[in-house]
Structure formats: C-alpha cells, structure tokens
Amino acid sequence: MSVSHADAFVAFEHVQKSYDGVSLVVKDLNLSIAKGEFLTMLGPSGSGKTTCLMMLAGFETATNGEIKLDGTNINMVPPHKRGIGMVFQNYALFPHMTVGENLSFPLEVRGMGKADREAKVKRALDMVQMGAFANRRPAQLSGGQQQRIALARALVFDPKLVLMDEPLGALDKQLREHMQFEIKHLHESLGITVVYVTHDQGEALTMSDRIAVFNDGRIQQLAPPAELYERPDNSFVAGFIGENNKLPGTIEELSGDKALVRLATGERIEATPVNVTQKGQKTLVSIRPERVEFKPEMMPDDAHMIGAEVLEVIYMGDILRTVLRVAGSDDFVMKMRNTLGQTKLVPGQKIRVGWDPLDARALDPI
Amino acid sequence: MAEVSAAAVGLTTADGRPLRTALATAQQRAKRRAFLLVLPLLAFIVITFIVPIGQMMHQAVYNDGFSANMPRLSAWFAEHPVGTDPDEPAWQALALDLQDAATAKTAGVVGTRVNYQMSGTRSLFTSTARKAKDFAPPYRDAVIAADKKWDDPELWGTMRQVSRAYSLNFFLAALDMTQDRQGMIVAMPEDRQIYVDLFVKTFLLAGLITLTCFLLGFPIAHLLATLPLRWSNLLMILVLLPFWTSLLVRTTSWIVLLQQQGVVNSALVATGVITEEGRLQMIYNQMGTIIAMTHILLPFMILPLYSVMRPIPPSYVRAARSLGATSWTAFRRIYLPQTLPGIGAGSLLVFILAVGYYITPALVGGASGQLISNLIAFHMQDSLNWSLASALAALLLGAVLVLYWLYDRLVGIDNLKLG
Ligand SMILES: Nc1ncnc2c1ncn2[C@@H]1O[C@H](COP(=O)(O)OP(=O)(O)O)[C@@H](O)[C@H]1O
Ligand SMILES: [Mg+2]
C-alpha cells in the first residue's frame, strides 16, 4: 500500500527536528499515512520515534518542514485544538481523579452536557470491558487495567487519529499479546487512523498495515509487514527485523534481478541484488534462518547448495536451532521445525544446505 | 481445625517456649540497641523542649509572688468568702505579713504581683513595708495611717484574686479580660485592650506573608522542577542562599535597601518616579515586616513545593492537552491538584514560622510592624511579667495547634509533603 501526498490523512513533509541546534534527531522525514491506516513506527531506542509522535501531537515543534493533518498544515496549531487521541507509555492517567472522571475530562473541556458525558464514558468503558471500574482510582488498578483505561480515554472523544507511544511496554508478555489483539480489533471496528510506536518487532509485524523502520532519525524502509520481513531494503532492516544470516562477498556478475556473489571462501552463490549497482562491489548477502534447508527433497530446483558443518544444535521446543559453519562464518543459523521424524543432526556432521536465490538478498555495499 | 486449636493453645518453638515470648526475647537485643541510639536525641528533646514548654504552661497559670510572701493574709482570704469586708484579723494579717516582707525584702515582689492586676500599687507595698516594723494594734488604723490607699475595696478585691498561686488571671489578661471585685470576668477597659488586636494582626500578617510566599514561590518551584538539571541546580543554590547567610545580615541589607535614604528610594528619586519630599516609608512599619519576612520564609515554601512538583511527569499535562484542555485548564485541573500536598505543607510551615517570628519584626517592623512574639519578648525582658508572657505564648501555641488540627480535618495530614 502506497499513499500519495495528495490524499494522505497525515503527512510529514521534509520534517527535521533538532533539540540542541547541533545535531538532527529527525532527518528529513517524509511519510504519508492514509485514513484508517494502522501505521507503526518501529526502531531502536533513541531513533526519533517519540520525537516524531510528539511533533504530530503538537508537543514539539518541527525545526523545519511541514506536518499536515487532513490536508491542512498544523505546525502552528496548539495540541488541544488538534483533536488527536494519545496513549502514553506510562498511561498518564490523572491520579487524583477516578477512572470515570479521567474519561469524562476530554468531554468536559469540550463543554459536553452531563448526561451525554455519562453515556459516552459508559460506552467507552464497556468498549474496553472496564465498565465496573468507573469509581476506582488509577492507583487501584493493575497495569493491564490502567492500559485499557488509557486507551478508552484516548478514544472517548471520538478522535480521527490516535497516537500510541509504546503503550504495551510495561505489560508482561501474555497480557501484551492479548492487548495487541484488542487494540487491533478496536482499530478495525472504529475505523480510526492509528500511529503506533514500538521497539518490539513482533508487535509491529502482527498489528500494522505498514511499518516505518526508524534508525538514526531516518526511515530505513516503509512497507507492509510481509514485505518488510521478506524483502528488507538494507542490512539494518534485515538485521533489526527477525533473525538474519549475513555472508560477506563480492559481486562477480550482475544482470537485472540476478547477481553472482563470490564469498570469502571462494564459493559462488546466486543472490537477488537489492542495493548493489556494479560488479566488483563488496556486499552482504542476507538469508533468513527459516529459509535455509538441508534436505534436497525440500528444496526448489534452482536452489543453491553449499557445504556446511554442524557446530551446535539447540533444542527450543517448537524448533531446533542449528548453528553451522558456512563459507567461513561460524554463526550461520538454520531453523528446523521440530516435526515428527525430523532428522537428528549432531555437531561435527558435514551437510549441504541451500536456499532459493530469491531469499538470498545482496544488500548494502560495504 | 488444627490451626484453630493451635492458635488457642498458643504456638511454641521447637524447644517448647511460647512463640510470643521467644520472639520478644529474640528482638529484645535489637530493640535495646535501637533505643540506645535514639536516647541522646530523646534526652535532648526532653531537656530542651518538653520541659521548658511544660514550665511555660505552668508559669502561665501559677504565680506565687503574693501567696508565698503574704501567707497570713492569703490564709484569711481562703477562710472568708468573697465580699467579706476585712475585719481586724485581716488587717492584722496584712500588717504582720508586711513586717515579714520588709525583713525578707520581698515587698517589691508582692507589690509587683498585685501591680499586674491593678496598676500603681507596687509603691504602696514597698513604702508601707518600710514603715511596717512600727505597726501596733489596732492594725487597721495603723496601716491606714501609713497610707490611706489601703482603705480601698478594690485593692482588697485584687489582693484576694492574687492570693491564690494558681489562677487564670494571666490568660484573661492575655485575652484583654480581667476579673472585677466580685470575681466576674469582664472586658478590660477599652484603652488597655491590646493583645487580642495584636493576635488578630499577627495572624493576618502571617496569612499575608504566606500568600505572598506562595505567589512568589510557586512559579520558582515549578521552574526548579522543570528546568534541565544544570540550570535547576544553579537556581536551587540561589533559593538556598538565604539559608547560608546570617539572618541579621539579611535583615540589615533590607534596611539598607528600603530605608528612606536607602537604595530603592534613592533610585526612585533619581529616576523621577517620586520627589525628594515624597520618599516612601517602606521599612519600620508593617510593609517592612512583610517584605523582609517574605524573603526569609520563601525557601520554606519553595522546597516542599519543589519536592512535590519534581516527580510529576510532564506527560500528565501533555495528556490533558491532547485531550483538548487549554494550558490554563490543564494547569488548574491536572497540575495544581497534584501539587496540593506541597502547597499545604509549604503554607503550614510558613504560616507557623511567621506567627512566631520575632527577630525580623523587631528589627524592621517599627511600631506598626510588631507581632505578638515581640510583645512576649517585651514581657520576658522588660516588664518581667513572665506569667503573662507565658500565657501569651501558650495561647499562640494553642492557636497553632488548632490550626494544625483544622488542616488535618480539611486537607488531611497524610497529604502533607515536607520534602
Ligand atoms: N526533550 C529532549 N531534549 C533533548 N533531546 C531529546 C529530547 N527528547 C529526545 N531527545 C533525544 O532525541 C533522540 C531521539 O529520542 P526519541 O524520539 O525519544 O527516540 P525513541 O522514542 O525512538 O526512543 C534521543 O537521542 C534523545 O536523547
Ligand atoms: Mg520513545
């Protein structure tokens, strides 16, 4: 899904941000988000995700560039006039108010009557299955319950756009997965646009329509989850999302969508060129561990085979993680499903592994 | 079932001792050590705080200046009800007591005590005591011959009042009241009512000083809590600077600044804001007291406020803003309520300190800027009426405790955050 600047609901155009006047925290951000889209900003800590969200919410001003909401420039619009719902990482529930008062607050400041307020608050609480907690204080709720209330509060005044900054960061794994599902469900049933910030790639992959991978103040790749995972644009994305084997080598032949790469040990493999442009360039070939096979009958016809030595087999329950020595690198990983009758490999065993050339991606020149 | 019966019998340790006893023995050593550690402080507090306050409270209701030195007359008063005219035995008791007082040189003490209740009587006692060795029966005539003023029912009524060591006279005086001859409590004559007005003024000024401290301190505390650490540290030093300079130096510098020939007035004259004749009186009056005390007490407001504001994350106000609140609404509805414990603590602290402040009003308050503590000091040091000073101080203490209690009822003392 690609969104043109013209029909974007939210648009960042050449946005830059500096806090200290010395360095740029956000460097030339261009991003268009469609109405109803669930867009995730994913990246390591310090990559500028929160800063982007804060600029969109109006708490930070862009040093340069334009931010547009529904076609109009909102650079100068104060936060309370933007009508954007926001869920904060620490929830920011007002501790001196009950849950009901917390939810009623955005309606009160909009001058809504008491009866309408109560009806809306009740509906919002029911929406997150917290109807019975209206009279509790936030401190009397568990982390997951507080999370739901924060969500309900950000939605109660019917914003068209909701921003969430690592909203599930403080929850345990099981609750987090449950809440991911609920947020996704709310997004679909309410038809709102969501900009979601996380550093958890699993969360990003399961929830998003599109993911913007941030690093060092730049979007490294903007794509739907499957494309991002299967066809990373550069080695940062390949390394950040999922596990990845990297084989360094030199481009020997380059023709259209095929490249022949000579590895350090002299072996030649076929790969799909992504960021390489000419012969003789050094490159990193990236291959996902679960796309590596060692049984010939499981491999496609034009699969490439290469010699490997088993170094270690780690039992992980659903999979067997096998560490191999391939083309001189000792940390080449192959993931084997723990199926009935799966071949038992032992350390020291010599095997041949292979993969579809489409799964071997020759990334950045190095 | 097993648990119930075990509880009824009382659990025992493996070697058969009751659990409760065993626990107490085990903890005794640690408890004793802890007690020894706090013992010096406990002794310090008892000696320097509890005992003096107890003595003060006692002094406010106890004065034996008369009863100890005039035992015969005191006994006569005790035996005869109010309204009995003094008979010959009474005059005899007076004459003999005065003779003894003359020998023991305590007539001045007795006179002073009576003088507290009825002014102008001290010299009566000292002069009559000087002639007392010549007194002979009938004593009534002898005493009156020495001084006609003895033949005064009011004087006798007053002597009856002071003949008991324990009395509420000083509290009454501190509340601008007195007892008439029949022992009824009545208001002081208008021209001698000073204390109630002074209490009211003290509380009003303390309230005003608390308010100005709050208005000046709140923004500074907020700044302290939100500035980057480097700047807030610098600002904190500036806030604490007053603590590191002597109170006298600070007060004196206010005199230099504010007096009529002082820096501020001269600057105003030089810039033409006021004329040479129109120099402002900013010190040696209430204004001086308010300015100097606000300055001195400001840190006591800022520090509790700061300690409450520091941990309030900015995301609360941001959340409020994102929910549609203007910055004013976000401040009023979200930020301010969360600083209430600090406001309460700061205000209580400043108010209580201001109510009892002495040195600054004494130095810069002039006549109109004196507070109740200055009058307490006056009675301690100049008029030497310690009982009245104690009564005033006890009333002040009582008022502050009532205030504290009110605060607890209205805001809740748990909501107090002092730092
Ligand atoms: N208020 C601020 N003042 C100065 N620097 C900041 C501020 N907020 C964030 N930064 C810096 O900007 C960079 C990006 O931060 P942030 O947007 O919070 O990243 P992320 O949310 O991706 O972890 C970091 O290096 C951080 O130190
Ligand atoms: Mg962040």
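These legends accompany a set of close-up views of a predicted model.

**View 1. An open sheet of six strands in chain A.** Let us begin with the sheet, whose strands follow the order 6-7-8-3-9-10 in chain A, with mixed pairing. At its edges lie strand 6 (84-87) and strand 10 (218-223) of chain A, each of which pairs on one side only. On average, neighbouring strands of this sheet are turned by 15 degrees against each other, direction ignored. As background, strands of a sheet pair through backbone hydrogen bonds, either parallel or antiparallel. Strand 3 (residues 38-42) and strand 9 (residues 210-215) of chain A show the parallel sense, paired over four bridges. Look for A:L39, whose bridge partner in strand 9 of chain A is A:R210.

**View 2. Two helices of chain A against the strands.** Helix 1 (residues 49-57) of chain A packs on the sheet. This helix touches strand 3, strand 6, strand 7 (161-165), strand 8 (193-198) and strand 9 of chain A. The direction of helix 1 makes about 150 degrees with that of strand 7 of chain A. Helix 5 (residues 173-190) of chain A lies across strand 3, strand 7 and strand 8 of chain A. The angle between helix 5 and strand 3 of chain A is about 140 degrees.

**View 3. A:I84 and its neighbours.** Here we visit strand 6 of chain A, where A:I84 lies. With a relative accessibility of 3%, A:I84 counts as buried. Leaving aside residues up to four places away in sequence, A:I84 touches A:L56, A:A57, A:L69, A:F157, A:P159, A:L161, A:L163 and, from the other chain letter, B:S322. The C-alpha atom of A:I84 is 9.4 Å from that of A:G58, a residue 26 places away along the chain.

**View 4. Charges over rings in chain A.** The charged end of A:R153 sits over the ring of A:F94, 4.5 Å from the ring's centre. A second example is A:R288, which lies over the face of A:Y229 at 4.0 Å from the ring centre.

**View 5. Aromatic rings in chain B.** Over all chains, the structure holds 16 aromatic pairs. One of them joins B:Y116 and B:F170, with ring centres 6.0 Å apart and planes at 75 degrees, so this pair is edge-to-face. B:Y116 belongs to helix 5 (residues 107-117) of chain B and B:F170 to helix 9 (residues 169-174) of chain B, so the pair ties together parts that are 54 residues apart in sequence. B:Y116 is partly exposed, at 23% relative accessible area, whereas B:F170 is buried, at 2%. Elsewhere, ring pairs link B:F214, B:F218, B:W328, B:F331 and B:Y335 into a cluster.

**View 6. B:T339 within helix 16 of chain B.** You will find B:T339 in helix 16 (residues 327-355) of chain B. B:T339 is buried, with a relative accessible area of 0%. Its side chain reaches the backbone oxygen of B:L336 at 2.7 Å. Not counting residues up to four places away in sequence, B:T339 touches B:F218, B:L305, B:V308, B:M309 and B:I312.

**View 7. Helix 18 of chain B and what covers it.** Seven of the 10 residues of helix 18 (residues 372-381) of chain B are buried, so this helix is largely enclosed by the rest of the structure. The buried residues are B:I372, B:S373, B:N374, B:L375, B:I376, B:A377 and B:H379. Their cover includes helix 10 (195-226), helix 16, helix 17 (359-364) and helix 19 (386-410) of chain B.

Terms used. Residues numbered from 1 in each chain as written. Chains lettered and ligands numbered in written order. Predicted model: local features only at pLDDT ≥ 70, side-chain atom pairs only at ≥ 80, totals over all residues. Heavy atoms only, no water. Pairing = 2+ DSSP bridges. Axes fitted to C-alpha atoms, helices over the stretch in contact; angles between N-to-C directions. Contact = heavy atoms within 4.5 Å. Phe/Tyr/Trp six-rings, centres within 6.5 Å; stacked < 30°, edge-to-face > 60°. Buried < 20%, exposed > 50% of the residue type's maximum accessible area, 1.4 Å probe, protein only. Lys NZ or Arg CZ within 6 Å of the ring centre and 35° of its normal. Polar contact = N/O pair within 3.5 Å; in protein donor to acceptor, adjacent residues only side chain to side chain.
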